[in-house]
Amino acid sequence: MDLKMKKIAILCNYELLPERVGGMDYFFWAFDVKCKENGIAIDWFFPNYSAHGEYSNLNIINTECQNTEIFFVKYCERNDENYSFIITHFVELCTPVFKRISKLSEAKIIAVDHNPRPLGGYPLKKKILKKIKGLLYSKYINLFVGVSEYTTNEILKDFGKHLKSKAQTIYNGVVIDDIVMREHRSCSNPTFLVVSHLRESKGIQDLIDAVALMSATIKAKISIDIYGDGPYKATLIERIRSKNVVTNFNLKGSISNLKAVFHNYDYMLQPSHMECFSLSILESLAANVPVITTAVGGNTEVITDGVNGYILQPKNIETLKNMIQSIYLGEKKIQINTRSLIENSFSLKKMVENHWELIRE
């Protein structure tokens, strides 16, 4: 295909927040540059406009917090755009809107799935509904992309095994050049951080309960810094108070440059109940900070238990307590440099190149 003078539309249900600059922001910026270098223009459809970072270089069409897909349909009805590809991020898959888009454009449609699934799966009614949607609307999507093998398998589980021939995995990646690497890891009395949006599914309440169960000696010393904000913050603060572990948790809020923080700690804690593919895990490992997390989503595709971190079952508070306590006492420790895995397999450069290959076909 001759890519010269081609144009792409990218639909993102992703709010642009100056105080939250993460892996996907860097990907959007880098992919835009890659396309422009090769003579391809991109119209970016976001729910809001922002000029922070390199967003000022993107051609952003502000959907003004309307449903991005519906806004795009109306936009296509008003404008005679000749898109070669339409790519979606953070958009629900296999909905009637894909049929509407396909009737307005001859573009190939690529749907990238970033969505985590609930622990234990969907209720039966929702499972049936997804199967029906898969039968009715999957034919209007040319390619499904999962951001982990877990996600790709969940796409097939949700919408039907018949999609296997047009589903593939492209791992998310992170910029590692500006992530400061921790040089020395404390074997005893280590420091811990949490990097997370504060919502119930992130399992931070389990971490609070686990610390509350620790011996008085350890509780008198252990301290965990939590970076992030969200709707569950007030509930977590109340739980910290009710469990009498106020001195053990420091809520740092959201900061704009988390990459400068990881190397100040020995381990990252992520007791999630549901996950897709965590960029914060990648950034932590790139800083040579091992991760204690749960066997959900794509976590086990990047964390090898006992090698670059530890994998636990979600919601098992007793096991979480014992693991953190053992690490704190120096009974368990990770000794390797965890950065090399990210350099080799999960870099932003590799992510951009893999997405670029999709539109070169």
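This is a predicted model: local features need pLDDT of at least 70, side-chain atom pairs count only at pLDDT 80 or more; totals for chains, interfaces and linings use all residues.
Biologist: How many salt bridges does the structure hold?

Modeller: A salt bridge is a side-chain nitrogen of Lys or Arg within 4 Å of a carboxyl oxygen of Asp or Glu. By that rule, the count is 16.

Biologist: K7 forms a salt bridge with which residue?

Modeller: The closest N and O atoms of the pair are 3.2 Å apart. K7 lies in strand β1 (residues 7-12) and its partner in strand β2, so the bridge ties together parts 36 residues apart in sequence. Strands here are DSSP runs of E, at least two residues, and helices are runs of H or I, at least four, numbered from the N terminus. The partner is D43.

Biologist: Is D43 buried or exposed?

Modeller: Buried means under 20% relative accessible area, exposed over 50%, and partly exposed in between (1.4 Å probe, protein chains only). K7 is partly exposed at 21%. D43 has a relative accessible area of 2%, so D43 is buried.

Biologist: Which residues are linked with K7 in a network of salt bridges?

Modeller: The bridge from K7 to D43 belongs to this network. The residues linked with K7 are D43 and E81.

Biologist: How many residues apart are D32 and K36 in helix α1?

Modeller: Their side chains meet in a salt bridge, 2.9 Å from N to O. D32 is buried at 2%, whereas K36 is partly exposed at 46%. The spacing is about one turn of the helix, or 4 residues.

Biologist: Which helix holds both R339 and E343?

Modeller: The side chains of R339 and E343 meet in a salt bridge of 3.4 Å, N to O. R339 counts as buried at 12%, and E343 is partly exposed at 41%. Being 4 residues apart, they are separated by about one helical turn in helix α11.

Biologist: How many aromatic pairs does the structure hold?

Modeller: Rings of Phe, Tyr and Trp (its six-membered ring) pair if their centres lie within 6.5 Å. The structure's total is 19.

Biologist: Is the pair of F27 and F28 stacked or tilted?

Modeller: Planes under 30 degrees apart count as stacked, over 60 as edge-to-face and the rest as tilted. F27 is buried at 1%, and F28 is buried at 0%. Their ring centres are 5.9 Å apart and their planes at 55°, so the pair is tilted.

Biologist: W29 forms an edge-to-face pair with which residue?

Modeller: The centres are 5.2 Å apart, with 80° between the planes. W29 sits in helix α1 (residues 23-37), and its partner, 26 residues apart, in the loop between β2 (41-46) and β3 (60-62). Both residues are buried. The partner is Y55.

Biologist: L124, I128, I132 and L136 form a patch on the surface; what is its accessible area?

Modeller: Patches use residues with over 30% relative accessible area and no salt bridge; like charges are joined within 9 Å, nonpolar side chains (Val, Leu, Ile, Met, Phe, Trp, Tyr) within 5 Å. Areas come from the Shrake-Rupley method with a 1.4 Å probe; for residues, only the protein chains shown count as cover. L124 is exposed at 62%. Together the four have about 380 Å².

Terms used
Residues are numbered from 1 along each chain as its sequence is written. Side-chain values use heavy atoms; hydrogens and water are left out.
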